[in-house]
Structures are given as C-alpha cells and as structure tokens.
Amino acid sequence: MRPQQLQAREFIEELEQYDQAVIETPNISTFCSGSDWILSAHEELHHPSSLSIWKNQTNWLTLAKRGLSPFQQGLQPLEMVWAFGCPLVGSNPSDSVSLLLKVLDEPSLDWEVLVLAGVPQDSSLWYEISRQISHIYPMEVYQGGDCMQSDLSQGEEAFLARRSSKFRTSLRRNLRRAEAERVTFELIDSFEDGDQLFQRMMDVERKSWKFESGNSIFQIDRYFRFYKRLLHRLAANKRL
C-alpha cells in the first residue's frame, strides 16, 4: 500500500492518533517525539520549512524539508537542535522502516540527504534501520547528545533507592537549605493558562544565578519562544 502524505492541517487534526502511536513506539523518548515538543521546535527553533508527514495504517514518519546547504536539500526530524525526538513512530520497528523506504522512493519527494535522530543503537528500531537501509543507501552514524530521563513510575522512594548515598545526602542537605531560606515547591499537574504558568516560571528564573550572569537559555530569543510555546501546548492539551 502506498503511504499517505498529510498536509499540515491534516496532521494537526490527527495529533491524538499520532501521540498514541508515539506512546506505543519502543525505546524512544516519548516526550521529545510527541507533537507538543516537535511542533514547538519546528515553529520556533528552525528557519521556516515545509513539513513532510507520512503515514500508513499503523506507522508515522515526521520530517521537515530543509536546505542543509545552498546546494543540498535534506529531510530532517522536526527538532534538530538537540535531536532527541525520533521521526519513525509505530509499535512495529520493521514496519516503520518499511514506511520510510517507501517514502524515500516517492517521485515527488526532492531530497539528497536524510537525517534520522532519537534512535538508540541498542534498540530494535536501530537494528531494522541497519538491516533494511544500509545495503540500499550509504549510512553515516554520529554520536548524539545524551537525553537524560528519570523513571518515577514506582514512586519517589524507589527512585531514591537507585541513587547513590552521596546523591541522597546532597539532596537532603539542599532541602534543608531551601526550607531555611523559605523556598517552597508547588506541583503543577493541571494548569489551563499556559501564558500565566510561563510567567510564573520566568519570575523564578530571573532570580537564578544563570539569569543574573547572562547565561540563561531563556535569554536567547528563539529558546524563550520555544519553551513558551511548548508550555502553552502542554497546558492546552492537559499534559503538564
């Protein structure tokens, strides 16, 4: 079956199905592959470019058409600043790569270089990419940045039990210091006004040593816009 290409409007209309497929995809960063992250990055962190979104019955491919140089047209994940998200989405990695190969054969698709990201080298998806693509197209592999994730699915105590005694001691010391300086912490798990929540966050950030020394990421305009748009999307979609 020939893959279906979606226009931007059609993709927006099907984000719920896409995000569910992200959750079902093994061994990827679900948050950084989800629509909130990749669309916010596409809109704020990169020069304007057109989406190249494809799907079949169970799999998705989310790419952007960008000029890699004045002489090269490329296909990239929507977020390529940190390259945390994976553009190949679906519960069956073999089917995901099969979709990719069909898309690359589309005569209407003008590309010279394909960039993939967010694929751990010990994953089944990486195995399928190597198995199905390496004998058709030349491949080069580069080490990506570390995407740090914490597993709190079993609760705070289970998380701390997996940390070193030095980590736990440092945490307790910092909590005592915060209490002494009357610092309070508030868990935000539902907030409908993303702009108001972002403003609260920036009120805290502006008092940090990074901001006062001019080293805060929020002092760079495109990152400020990215995180503001991301938080707005998360609040609107009730995903805080």
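Leaving aside residues up to four places away in sequence, Arg233 touches Asp36, Leu39, Ser40 and Glu43, contact being defined as heavy atoms within 4.5 Å. Arg233 is placed in helix H11 (residues 221–236), and at 17% relative accessibility it counts as buried (under 20% relative accessible area; exposed, over 50%; partly exposed, in between; 1.4 Å probe, protein chains only). Helices (H or I, at least four residues) and strands (E, at least two) are DSSP runs numbered from the N terminus. The model is predicted, so that local features need pLDDT of at least 70 and side-chain atom pairs count only at pLDDT 80 or more, whereas totals for chains, interfaces and linings use all residues. Residues are numbered from 1 along each chain as its sequence is written, and side-chain values use heavy atoms, with hydrogens and water left out.

In helix H9 (residues 194–205), the end C-alpha atoms lie 16 Å apart, in agreement with the 16 Å that its 12 residues should span at 1.5 Å a residue (1.5 Å times one less than the number of residues). The buried residues of H9 are Gly194, Leu197, Phe198, Met202 and Glu205. These fall within an arc of 140° seen down the axis, and therefore line one face of the helix; the arc is that of the directions from the helix axis to the C-beta atoms. Their cover includes helix H10 (209–212) and H11.

In helix H6 (residues 124–133), Leu125, Trp126, Glu128, Ile129, Gln132 and Ile133 are buried. They cover an arc of only 160° around the axis, which puts them on the same side of H6, and what covers them includes strand E5 (88–89) and helix H5 (93–104).
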